Amino acid sequence: MTAAFRLPSGGVIDRSRTTRFTFDGTAYAGHPGDTLASALLACGRHHVATSISLGRPRGILTAGPEEPCALVRVDAPYAEPMVTATTVELRDGLVAAGLAGRGRLTGAPDPARYDSVHAHCDVLVVGAGPAGLAAALTAARAGARVVLADDQPRPGGSLLGDDASPAGRWAAEAAAELAALPDVRVLTRTTAFGHYDDNLVLALQARQDPPARRVWRIRARQVVVAAGAHERPVAFGGNDRPGIMLAGAARVYLRRYGVLPGRAITVFTTNDSAYDTVRDLERAGAQVVAVLDARDGDLVTGTSGTERITSVRAVAADGSRRDIETDTLLVSGGWNPAAQLFSQARGRLRYDAGLGAFVPAGPLPAVRAAGSANGVFGLGGCLADGAGAGTRALEALARSAHPVPLPPVPREDGPRPARVLWSVPDAGGADEPAFVDLARDATVADVLRAAGAGMRSVEHVKRYTTIGTAHDQGKTSGVLAAGITAGALGTDIASLGTTTFRPPQAPVPFAALAGRDRGPLFDPVRVTALHSWHVCRGAKFENVGQWKRPWYYPRPGEDMETAVLRECRAVRTGVGLMDGSTLGKINVQGPDSAEFLDRVYTGMMSTLKTGSARYGVLCGADGMVLDDGTVTRTGTDEYLLTTTTGNAALVLDWLEEWLQTEWTGLRVHLTSVTEHWATIPLAGPRSRDVLAAVAPDLDVSNEAFGFMTSKETAVAGVPARVSRISFSGELAYEVSVVAWEAIAVWEALLKAGVAYGITPYGTEAMHVLRAEKGYPVIGQDTDGTVTPQDLGLSWAVSKKKPDFVGKRSFARADSTRPGRKQLVALLPADTGRLLPEGAALIGTPAVPAPPVPMLGHVTSSYRSAALDRTFALALVRSGRDRIGQTLYVPLDDGSVAPVTVADPVLYDKEGARRDG
Amino acid sequence: MQLLTCPWCGDREEAEFRYGGQAGVPYPADPRALSDAEWGRYLFVRDNPAGPFAERWVHSAGCRRWFTAVRDTVTHEFLREAP
């Protein structure tokens, strides 16, 4: 296709190079600097898309991001599911196709890179048109740190492509000066899409080669919104045909890209601005066949044409009608300040009856609008308003400003007042729909219907008609809808107001918001010092919080069940070892440590002797179990606490909170040492033999090294803390060494245990073993409504201490009422039946009619090697009174599994093995 | 994303902080002396004014220290931050 509508000169395109692209299967050519829209228009193509619900042909209405119609899908060089042709920069090999209102994600891998950057500045100027450049230059010359963001490939705004006038030259010089200043950052192709609290502005920057999107998070002390204005159309029947374009957009295509929109052009306007377009078009050689000025009573009432407009039906003030043959209709219904960011910042808008638009009512302390975004129109006014906004931003920062010389602009004739016209009369009853929101196929009739249905607020009309909810957020339709609604309700648009502007004001890919925080970088992955060993050994891992923990170590041919049974058997009959390094570990130091721990744990910790350990339960003030672990006294004024893996940070924060906010007089310091120590539980009847072999200095006899005591000694030549603590119910030790030495000590233990068949075991076996002993896991067997007494842990609650956190709540009526849920074991009648965790318990063999009275639920469920059967732990109403009773678990397949309630300790109730 | 002024670190983004509820609700000196109703009020009942409200905050992703801030619950504006 030849570029028949490209002028021989003009525009900011690179005419020395040709850019080939394909649209809807047809090959076209344009130039670097073109958008897809300008290149298509240069080739005479207006029809690019299909409307979303009516399937009508749609063209290109605008020249920017406010475009409601020209939605396209880009297939190459990299896929974008839904963008506007007016914002796609042309490049060689571009393949695109028109859309019918909505795109689809391709599902193909996305080659684009996404990232985010933080920036801080004194003054952020959004928009690099005349007002933005004047504001930025004023601020920058005063030495302020300035960020200037503009969505176009180069600064200039409405002056882009105007090289001839003094203002155009000034803009180019200002942009060059700003780019060279060290404390100024000029961001092109960057759309500020949201203003958030305390002047945080988010902007999306696009880059083509290689494809990339970057979200700028700009924290500015002052923001100047100089984002320009969006022209709005007028609603009339058939106002959606390709070839119908906003008048200002036609001027942009002419000046920025050297493109004529058509040969025989009709203009329909309510205001003076379209005459600038008329003048430029005629100067460029186009034929303007008619100018219909609504102020003279000339109106467009309809259009004709199949894939493009061919004629306009017009009515004059005297009622005479005529058809005008035309290939292009340019429309101007006035201009809406692009005050989205200002409004998001909670800036108030007021209705300007002269402009027929909502304009900023006045600056905020740290956000001000400038230029046409501030309701100031005309080049001279925009330049002066921009410079003024820069000066006032500096004043707010207590900096002095020097006036920046501004270029002379042609005297603007005394403007003729605009006529505010939302839709031509009877547009709601026209032969063809009169569209208000072209992106949503919503019409004047739809707005009238909404009003007729009783909608009285623009917010309700918006939701009833969907006007303003598309990708363009109603930039060309919102005020139109408000105006038509006001007319239908017989009220004043000023009191009706606009819908609320919310970020983002332009489409932002989710991938850009996610940035690098996806895949393995979505959340930190924590691994222990022994991780590489587990990987080499073929361990399957489970995620526990952010940790990767070995779940089980399958041997060749083993499934999970077989491997876990083997690991459990090894611990019960020989010896096993596991990586317990993820346990939270907190070092407590200070002369008041004992007093502090007495206040937060339910048990008495001040009476612990140095070198002794005790099981401890932490409760909230409400008496509910928060966490558990061991407390080891490592010195007169020093303790080592352990927490569950998932609660390590929470417990540290909890303890800090009490120290900092309640007991500020206690001399206690807390330090997380979780990652300092690698901890290796060594469990099983032969664990003593293994330990003895690697710790020659240690007397491992029961008399010298009893249960719940702790020793410092050398293990495999490495300084270690060895504690006789058991989470399996077996004779067991926990060996802690500095993380650096973990692998050496682990391997030494393995080597020493060869004769006893030492077996590494994972978290699943650990869970089975602890559940056989009825040891609850906080957060699995509890849910924040469970007291220590409910868990059968009354023995761990001190009767002697006058108070500790949670104690008073144990005496609350609810904590002592009968019928509380208690931790018990369940033995399925079918010894091979593994109950699903979370399953409900009922009292009858058949499920009664709803509401079904539930007695509790299964919290943990396993297959036990030691018991040679399945079993479960459960929280059951009055559970301990039900021991021996049969209850029932309804299953997904409709069957009901009978279970016997049992004491939670199913294995070695006397504790003989542990104490052996 | 609001900025909070940590008394020790200065202006930081709100995501670095954790909220700790109403300030000035001390742990009772002798919980045993309280009735169930009084203890329940300590546990569960807090003020909820529309306007300035003294709150506890902790700079959890920073210095991890607690401080008191007065915030207008209507405008979300922080009026004062102090250790």
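**Figure 1. A salt bridge between chain A and chain B in the predicted model.** In this predicted model, the side chain of D653(A) meets the side chain of R64(B) in a salt bridge, with a distance of 3.6 Å from N to O. Across the interface of chain A and chain B, the rule for such pairs finds 4 salt bridges. Chain A brings 25 residues to the contact, and chain B brings 22 residues. The size of an interface is often given as the accessible area lost when the parts come together. For chain A and chain B, the buried area comes to about 2,100 Å², and carbon and sulfur atoms give 46% of it. On the side of chain A, the residues that lose the most area to chain B are R219(A), Q660(A) and R808(A), which together make up 27% of what that side buries.

Figure 2. The C-alpha atoms of chain B fill a box of roughly 45 × 30 × 20 Å, taken along the principal axes. Chain B has 83 residues, of which 35% count as buried. If one takes the contacts in chain B between residues at least 6 apart in sequence, 44% of these contacts join residues at least 24 apart.

**Figure 3. Helices α4 and α5 of chain A crossing one another.** Helix α4(A) spans residues 247-257 and helix α5(A) spans residues 273-283, and their axes come within 8 Å and cross at roughly 35 degrees. The crossing in which α4(A) passes α5(A) is left-handed. From α4(A), the contact is made by A247(A), G248(A), A250(A), R251(A), L254(A) and R255(A), while α5(A) contributes A274(A), D276(A), T277(A), R279(A), D280(A) and L281(A). Sorted by class, the residues in the contact of α4(A) with α5(A) are 5 nonpolar, 2 polar and 5 charged.

Figure 4. I265(A) belongs to strand β16 of chain A, which runs over residues 264-269, and I265(A) counts as buried because its relative accessibility is 0%. Leaving aside neighbours within four places in sequence, the residues in contact with I265(A) include L281(A), V288(A), V289(A), T326(A) and L330(A). G243(A) is 22 residues away from I265(A) along the chain, and the C-alpha atoms of these two residues are separated by 9.5 Å. T270(A), in turn, is found in the loop between β16 and α5 of chain A, and T270(A) is also classed as buried because its relative accessibility is 0%. Not counting residues up to four places away in sequence, T270(A) touches several residues, among them V234(A), A294(A), R295(A), S332(A), A418(A) and L421(A).

**Figure 5. Salt bridges that join separate parts of chain A.** Over all chains, a search of the whole structure finds 50 salt bridges. In one of them, the side chains of R45(A) and D24(A) meet at 3.0 Å, N to O. R45(A) lies in the loop between α1 and β3 of chain A and D24(A) in the loop between β1 and β2, so this pair ties together parts that are 21 residues apart in sequence. R45(A) counts as buried because its relative accessibility is 19%, which is under the 20% cut-off, whereas D24(A), with a relative accessible area of 39%, is partly exposed. A further salt bridge brings together the side chains of R189(A) and E89(A), at 2.3 Å from N to O. This pair links distant parts of the chain, 100 residues apart, with R189(A) in the loop between β10 and β11 of chain A and E89(A) in the loop between β6 and β7. R189(A) counts as partly exposed at 28% relative accessibility, while E89(A) counts as buried at 18%.

Figure 6. The side chains of R141(A) and E177(A) meet in a salt bridge of 2.7 Å, N to O. R141(A) sits in helix α2 and E177(A) in helix α3 of chain A, and the pair links these distant parts of the chain, 36 residues apart. R141(A) is partly exposed, with a relative accessible area of 41%, and E177(A) counts as partly exposed at 26% relative accessibility. Elsewhere, R56(A), R58(A), D240(A), R241(A), E432(A) and D441(A) are linked in a network of salt bridges.

Conventions
Residues are numbered from 1 along each chain as its sequence is written. Chains are lettered from A and ligands numbered from 1 in the order in which they are written. This is a predicted model: local features need pLDDT of at least 70, side-chain atom pairs count only at pLDDT 80 or more; totals for chains, interfaces and linings use all residues. Side-chain values use heavy atoms; hydrogens and water are left out. Axes are lines fitted to C-alpha atoms, for helices over the stretch in contact, and angles run from 0 to 180 degrees between N-to-C directions. Helices (H or I, at least four residues) and strands (E, at least two) are DSSP runs, numbered from the N terminus. A crossing is left-handed if the near helix is turned anticlockwise from the far one by less than a right angle, and right-handed if clockwise. Contact means heavy atoms within 4.5 Å. Ala, Val, Leu, Ile, Met, Phe, Trp, Tyr, Cys and Pro count as nonpolar, Asp, Glu, Lys and Arg as charged, and the others, Gly among them, as polar. Buried means under 20% relative accessible area, exposed over 50%, partly exposed in between (1.4 Å probe, protein chains only). Buried area is the accessible area (1.4 Å probe) that two parts lose on being put together, summed over both.
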